Amino acid sequence: MSAPVETAATAARTAPAAVIVAIDGPAGTGKSSTSRAVATQLGLSYLDTGAQYRAITWWMISNGVDVQDPAAVATAAHKPVIVSGTDAADPTITVDGADASGPIRTQEVTAKVSAVSAVPEVRAVITALQRSIAAGALTGIVVEGRDIGTTVLPDADLKVFLTASPEARAARRSGELKGKEAADLAATRDALVKRDAIDSSRKASPLAKAADAVEVDTTDLTLQQVIECVVTLVEEKRAAR
């Protein structure tokens, strides 16, 4: 009997360097900065899944869909065409061919993204997109979000769950906001805690730590220390394959 033919995808997934890394955690823990830096340093692709949920939320708002009406959101979930670039040095995201990298970061989108993300039909559409992107990353990928290790990529080679105190997260998030959108620290903390509650209690793919994830508390760590920690975890996983 002849040996099975090894496809490019199979070869990539069995190569020691090609790992799938899932990084989850609530907002303000340093997921995006850490994920991008780790992907860049290790030559992996990168996917910000939160940007995809922001993108579909922005599309809903722009097209007059009542985001507080789950039925309306569900009906429209398949309509927008979202394309995510996976170059860690220059991640891009377009909606129906238009650059959405700026519009998806507004406070209006931030305030409404949890409601849209909680709709099962939305999660089904975005999850399928995320799995397709991960499967096509022949050199490996770092995927960040809230349900990557538990729902989207439960067979990821490495799962990391970043945490931090609400106060530390609020300070970081306030520092990220610009001009008129800058919120005071207490208001930012309250908004983060509220979003945590919504994301953790939703029925469809809630924010949760996977049983086999490595938890990293970033409260008292610098960004560089967090990056070094995750890079070490990835390198250990590569060495063990």
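Predicted model: local features only at pLDDT ≥ 70, side-chain atom pairs only at ≥ 80, totals over all residues.
Which residues are exposed on the other side of α6? The reply is S132 and A135, where exposed means over 50% relative accessible area, buried means under 20%, and partly exposed lies in between (1.4 Å probe, protein chains only).

Residues are numbered from 1 along each chain as its sequence is written, and side-chain values use heavy atoms, with hydrogens and water left out. The pLDDT, which is the predictor's confidence in each residue on a scale from 0 to 100, averages 88 for the protein, and 89% of the residues score at least 70. Over residues 1-13 the pLDDT stays under 50, and the model has eleven contacts (heavy atoms within 4.5 Å) beyond four places in sequence for them. Residues 179-183 also stay under 50, with seven contacts beyond four places in sequence.

Now for the overall layout. The protein has ten helices and eight strands; these are DSSP runs numbered from the N terminus, with helices being H or I over at least four residues and strands being E over at least two. Of the 241 residues in the protein, 45% are buried. Among contacts with a separation of 6 or more, 76% are between residues 24 or more positions apart.

Back to helix α6, which covers residues 120-135. Buried in α6 are V122, R123, I126, T127, Q130, I133 and A134. These cover an arc of only 125° around the axis, which puts them on the same side of α6. The arc is taken from the directions from the helix axis to the C-beta atoms.

Helix α10 (residues 223-240) can be read in a similar way. Its 18 residues should span 26 Å at 1.5 Å a residue, which agrees with end C-alpha atoms 26 Å apart. The buried residues here are V226, I227, V230, V231, L233, V234 and R238. Seen down the axis, they fall within an arc of 160°, so they line one face of α10. That buried set packs against β1 (20-24), α2 (31-42), β7 (158-163) and β8 (214-217). On the other side of α10, A239 and A240 are exposed.

How do two helices meet? Two packed helices are described by the angle between their axes and the distance between the axes. The axes of α3 (residues 49-62) and α5 (residues 107-117) come within 9 Å and cross at roughly 100°. The two helices are therefore roughly perpendicular to each other, a label for angles of 65 to 115 degrees (under 35 is roughly parallel, over 145 roughly antiparallel, the rest oblique). On the α3 side, Y53, R54, I56, T57, W58 and I61 meet E108, V109, T110, K112, V113, V116 and S117 in α5.

Finally, two single residues. D96 sits in the loop between β4 (93-95) and β5 (98-99), and its phi is near 55°, a positive value in a residue other than glycine. A186 belongs to helix α9 (residues 185-201) and counts as partly exposed at 49% relative accessibility.

Key:
Axes fitted to C-alpha atoms, helices over the stretch in contact; angles between N-to-C directions. Expected span 1.5 Å × (residues − 1).
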